[in-house]
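Subject: Structure handover and notes

Dear colleague,

Please find the structure below, followed by my notes on what was found in it.

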Amino acid sequence: MKAEVDAAKCQGHARCWEICPEVFMLDEEGFGSVQTPEVPPALEAKAGEAADNCPERAIVLS
Ligand code: SF4
C-alpha cells in the first residue's frame, strides 16, 4: 500500500500523526506529510484508520 497526503486539502488537524505516527508526520507548520510512503502490511490497518479520521479526506491510500 502507498500513502500520500494531498497538501491542497490538508488543514493541519494532525489526526493522521496521532493515529499512525509510523506512517505520517507533521511538518514545521503542523501540516501532515508522509514519512513511510510504502506502507508495510502490518501498518495498513492503522494507516486506513488515519485516512478515515482525516476531516479533510486529504489522505490517499492506493
Ligand atoms: S489528519 Fe488530514 S488534515 Fe489533518 S494533518 Fe493529517 S492529512 Fe492533514
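Leaving aside neighbours within four places in sequence, alanine 50 is in contact with Arg15, Cys16, Ile19, Cys20, Phe24 and Ile59, where two residues count as in contact if their C-beta atoms, placed from the backbone, lie within 7 Å. Please keep in mind that this is a predicted model, in which local features need pLDDT of at least 70 and side-chain atom pairs count only at pLDDT 80 or more, while totals for chains, interfaces and linings use all residues. Residues are numbered from 1 along each chain as its sequence is written.

Alanine 50 also belongs to the largest nonpolar core, which has 14 residues, and among these Cys16, Cys20, Val23, Ala47, Ala50, Cys54 and Ile59 touch the most other members. Such a core is a set of buried Ala, Val, Leu, Ile, Met, Phe, Trp, Tyr and Cys residues joined through C-beta atoms within 7 Å; a residue is buried if 20 or more other C-beta atoms lie within 10 Å of its own, exposed if 12 or fewer, and partly exposed in between. The elements that give two or more residues to this core are β1 (3-5) and α2 (44-53), and α2 provides the largest share, 3 residues. In soluble globular proteins, nonpolar side chains tend to be buried together.

Turning to the whole protein chain, there are 2 helices and 4 strands, and from the N terminus on they run β-α-β-β-α-β; helices (H or I, at least four residues) and strands (E, at least two) are DSSP runs, numbered from the N terminus. Of the 62 residues of the protein chain, 24% count as buried, and among contacts between residues at least 6 apart in sequence, 57% join residues at least 24 apart.

As for the ligand, there are 14 residues around it, of which Cys10, His13, Cys16, Gly32 and Cys54 come nearest, a residue being near if its C-beta atom, placed from the backbone, lies within 6 Å of the molecule.

Finally, aspartate 6 lies in the loop between β1 and α1 (15-19), and aspartate 6 is partly exposed because 13 other C-beta atoms lie within 10 Å. Leaving aside neighbours within four places in sequence, aspartate 6 is in contact with Ala58 and Val60. The C-alpha atoms of aspartate 6 and glutamate 38, 32 residues apart along the chain, are separated by 16 Å.

With best wishes
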